[in-house]
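Visitor: I am new to this structure and would like a short tour. Could you show it to me, please?

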Amino acid sequence: MGRRRLLLLLKPLDVYSLHQSTGVPRRNTNPKVLQFIDSRCRVHKAAIEFCQDILRRKSIEWDAVFRSHLSQPIHNVDLVVTIGGDGTLLRASHFLNDSIPLLGLNSDPTQSQEVEELGDEFDATRSTGFLCAATIKNFEQMLNNILENGMTPTELSRMAIKVNSELLPLYALNDVLISDPNPAAVSRFSFRIRKQESSQALVNCRSSGLRVSTAAGSTAAMLSAGGDLMSVSSKDLQYMVREPISVTQEHLRLMRGLVKPKESMDIYWQTNEGLIYIDGAHIVHNVQHGDSIQISSCAPCLKIFLPHRLLGTSKM
């Protein structure tokens with residue numbers, strides 16, 4: 001067997017100093033806030049150096065790239081390790097097929113004592129890293145378990161999105177939000193769940209948009225909006241119409257539900273403009289009146305090493 005090859009995908013350091021690079025004076029001059037931001041940058045940088053030092057001691061070929069420099073599908077590596085938080089992990093997932101496993105390392109975990117001391121002055125939480133199984137404390141052990149002991153990754157379902165029958169070039173790991181570009185505007189659309197041999201009746205909506213999540217995404221914005229927590233092994237998709245307007249109790253039950261693996265959700269956009277947000281705010285696709293959008297779980301899975309606490313997640 002040849003030497004293993006590994007790619008480190010890094011959260012950029014400048015995300016902590018963006019307010020400086022713009023040249024705009026800082027509005028928040030609270031020294032504790034500025035110290036907190038500087039601390040976050042130092043901790044993240046130290047985590048990168050720590051992981052690289054470990055890799056230098058091993059018989060592994062590896063390369064490191066900042067996530068903002070990634071523009072092509074990832075090939076010819078045995079493992080991708082993200083160093084950052086969930087945003088960096090999501091970024092990596094968009095460039096991976098179902099053959100290369102992914103390990104997320106949370107480089108800057110929240111410190112409970114810090115939150116307790118500073119919580120009355122500002123939000124002192126750090127990186128959530130909900131999908132990240134590693135920190136600097138267990139990185140080397142996990143790496144050994146994966147590369148030497150054959151640790152098996154979990155397969156997470158992803159979401160395929162088509163616009164006017166054209167498949168978009170990436171798959172959503174967490175969720176999709178479809179809405180008017182103006183968050184205060186009403187979105188008009190219709191949808192139906194299409195089964196193999198039949199389709200449900202068309203549901204017409206006026207609301208602030210539509211959110212669809214995978215099982216992994218059910219732990220994120222969908223859960224915050226009142227959705228159901230799903231087992232990470234589920235292949236179902238969960239949908240929820242956001243803030244529906246003028247609906248009866250009978251109609252209200254149609255505003256949320258599941259899309260099964262062999263089904264699709266067909267959406268007909270009836271607002272002048274619309275945006276499809278994929279896994280957050282950074283990846284956006286435009287739609288316009290008359291466009292059709294199809295969402296399904298007919299997508300390659302993502303192989304990922306998950307935290308133990310998620311492997312027991314099961315409610316739906």
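Guide: Let us begin with Thr135, which touches Leu105, Asn106 and Pro109 when residues up to four places away in sequence are not counted. Please keep in mind that this is a predicted model.

Visitor: Where is the place of Thr135?

Guide: Thr135 is in the loop between helix H4 (112-118) and H5.

Visitor: And is Thr135 buried, exposed or partly exposed?

Guide: Thr135 is partly exposed, because its relative accessible area is 25%, and buried would require under 20%.

Visitor: What separates the C-alpha atoms of Thr135 and Asp108?

Guide: The C-alpha atoms of Thr135 and Asp108 are separated by 8.4 Å, with the two residues 27 apart along the chain. Another pair involves Cys51: its C-alpha atom is 9.7 Å from that of Thr135, and these residues are 84 apart along the chain.

Visitor: Where is the place of Cys51, then?

Guide: Cys51 is in helix H2. The residue is buried, with a relative accessible area of 0%. Leaving aside neighbours within four places in sequence, Cys51 is in contact with Ile83, Leu105 and Phe139.

Visitor: Arg40 lies in helix H2 as well; is Arg40 buried or exposed?

Guide: Arg40 counts as buried because its relative accessibility is 15%, and the cut-off for buried is under 20%. Apart from residues up to four places away in sequence, Arg40 touches Lys11, Tyr16, Asp108, Thr125, Arg126 and Ser127.

Visitor: Back to H5. Which residues of helix H5 are buried?

Guide: Helix H5 spans residues 139-147, and Phe139, Met142, Leu143, Ile146 and Leu147 are buried there. They lie on the same side of H5, because they cover an arc of only 115 degrees around the axis.

Visitor: What do the buried residues of H5 pack against?

Guide: Their packing partners are S1, helix H2 (31-56), strand S2 (60-66), S3, S4 and S18.

Visitor: What about helix H3: how many of its residues are buried?

Guide: Six of the eight residues of H3 (residues 86-93) are buried, so that the helix is mostly covered. The buried ones are Asp86, Thr88, Leu89, Leu90, Ala92 and Ser93. They pack against strand S1 (4-10), strand S3 (79-84), strand S4 (102-106) and strand S18 (302-305).

Visitor: Changing topic: what is the volume of the largest pocket?

Guide: The largest pocket has a volume of about 660 Å³. Its lining is made up of 29 residues, and Asp86, Gly87, Thr88, Leu90 and His282 lie nearest its centre. Helix H3 gives the most to this lining, with five residues.

Visitor: What classes of residue does the lining of the largest pocket have?

Guide: The lining of the largest pocket has nine nonpolar, 13 polar and seven charged residues.

Visitor: And the second largest pocket: how many residues line it?

Guide: The second largest pocket is lined by 15 residues, with Pro73, His94, Phe95, Leu96 and Pro169 nearest its centre. Its volume is about 220 Å³. By class, its lining has nine nonpolar, four polar and two charged residues.

Visitor: Let us turn to Ser190. Where is Ser190 found?

Guide: Ser190 is found in strand S9 (residues 187-194). At 1% relative accessibility, this residue counts as buried.

Visitor: One last topic, backbone angles. What is phi of Glu243?

Guide: Phi of Glu243 is near 45 degrees, a positive value in a residue other than glycine. Glu243 is in the loop between strand S12 (237-242) and helix H7 (249-252), and at 60% relative accessibility it counts as exposed.

Visitor: What is phi of Ser246?

Guide: Phi of Ser246 is near 50 degrees, a positive value in a residue that is not glycine. Ser246 lies in the loop between S12 and H7. With 65% relative accessibility, Ser246 counts as exposed.

Methods. Residues are numbered from 1 along each chain as its sequence is written. This is a predicted model: local features need pLDDT of at least 70, side-chain atom pairs count only at pLDDT 80 or more; totals for chains, interfaces and linings use all residues. Side-chain values use heavy atoms; hydrogens and water are left out. Buried means under 20% relative accessible area, exposed over 50%, partly exposed in between (1.4 Å probe, protein chains only). Helices (H or I, at least four residues) and strands (E, at least two) are DSSP runs, numbered from the N terminus. Contact means heavy atoms within 4.5 Å. The arc is that of the directions from the helix axis to the C-beta atoms. On a 1 Å grid over the protein atoms alone, a cavity is a set of points where a 1.4 Å probe fits but cannot get out, and a pocket is an open set with protein on both sides within 12 Å along at least five of seven lines; lining residues have an atom within 4 Å of a point. Grid points are joined across faces, edges and corners, and a volume is the space filled by probe spheres set on the points. Ala, Val, Leu, Ile, Met, Phe, Trp, Tyr, Cys and Pro count as nonpolar, Asp, Glu, Lys and Arg as charged, and the others, Gly among them, as polar.
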